[in-house]
Amino acid sequence: MGVTCVSQMPVAEGKSVQQTVELLTRKLEMLGAEKQGTFCVDCETYHTASSTLGSQGQAGKLMYVMHNSEYPLSCFALFENGPCLIADTNFDVLMVKLKGFFQSAKASKIETRGTRYQYCDFLVKVGTVTMGPSARGISVEVEYGPCVVPSDCWSLLLEFLQSFLGSHTPGAPAVFGNRHDAVYGPADTVVQYMELFNKIRKQQQVPVAGIR
């Protein structure tokens, strides 16, 4: 994989989420991008079980368990303000066995699904973010395949993003600040999706049901 930027596209004025997605994909196709299948990224939130909290009033920790269709044999576990663990898909089974320590937060499942597009060395994914049956927002992921060091290609990524996002072009992802001259990896993309999902939850005023 290459260096990737994940961002949110606001819904166009007077349009629905689906209509905005269609406008965006049409613009990509006009640029010459070709469809390359579909993708899905999902996230389920777990909170520390109340039985594991020592003193009263102690804040529980959150953990996000995520999957990315680009890595079908992997599962990503991101701890709140902590590291990202990459495991195989059996990790989901392990979480069931750990229910005495981590409990799934109610109605916390959030995901984005959509179409993959290839344009020269760029892989673009435009997805509809949903919680339950409701569309909550739009995700845009752009990957520049030939490069794995963010500082070497951010200006090129930015130029391409501007070509179809216009005034909604995002700034450099926060993960770039941590890994500016380091090799970019799959966990960095998953962290960006986690931040995007949490941002959309806050915009929709849908708090994670858990111990905070």
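How many of the 18 residues of helix 5 are buried? Some notes on that and a few other things follow; keep in mind that this is a predicted model.

1. Helix 5 first. The answer is 13 of its 18 residues, so helix 5 is largely enclosed by the rest of the structure. The helix covers residues 186-203. From its first C-alpha to its last it reaches 26 Å, close to the 26 Å expected at 1.5 Å a residue.

2. On to the aromatics. The count comes to 8 aromatic pairs. One of them is F122 with Y144: the ring centres sit 5.1 Å apart and the planes make an angle of 40°, so this pair goes down as tilted. Tilted is what remains once planes under 30 degrees apart are called stacked and those over 60 edge-to-face.

3. Where do F122 and Y144 sit in the chain? F122 belongs to strand 8 (residues 122-131) and Y144 to strand 9 (residues 134-144), so to speak two distant parts of the chain, 22 residues apart and linked by the pair. F122 has a relative accessible area of 9%, which makes it buried.

4. F122 has another partner worth a look. Its ring and that of F160 have centres 4.2 Å apart with planes at 10°, so this pair is stacked. Here too the pair links distant parts of the chain, with F122 in strand 8 and F160 in helix 3 (residues 150-165), 38 residues apart. Both F122 and F160 are buried.

5. Put together, ring pairs join Y119, F122, Y144, F160 and F164 into a cluster. If you open the model, F122 is a handy place to start, given its pairs with Y144 and with F160.

6. Now the cysteines. How many disulfides does the count give? It comes to 0. C75 is in none, and the nearest cysteine sulfur to it, that of C84, is 9.4 Å away. C75 is also buried, at 1% relative accessibility.

7. For C147 the nearest cysteine sulfur is that of C153, 3.6 Å away, and C147 is in no disulfide.

Notes. Residues numbered from 1 in each chain as written. Predicted model: local features only at pLDDT ≥ 70, side-chain atom pairs only at ≥ 80, totals over all residues. Heavy atoms only, no water. Phe/Tyr/Trp six-rings, centres within 6.5 Å; stacked < 30°, edge-to-face > 60°. Helix = DSSP H or I, 4+ residues; strand = E, 2+ residues; numbered from the N terminus. Buried < 20%, exposed > 50% of the residue type's maximum accessible area, 1.4 Å probe, protein only. Expected span 1.5 Å × (residues − 1). Disulfide = S-S within 2.5 Å.
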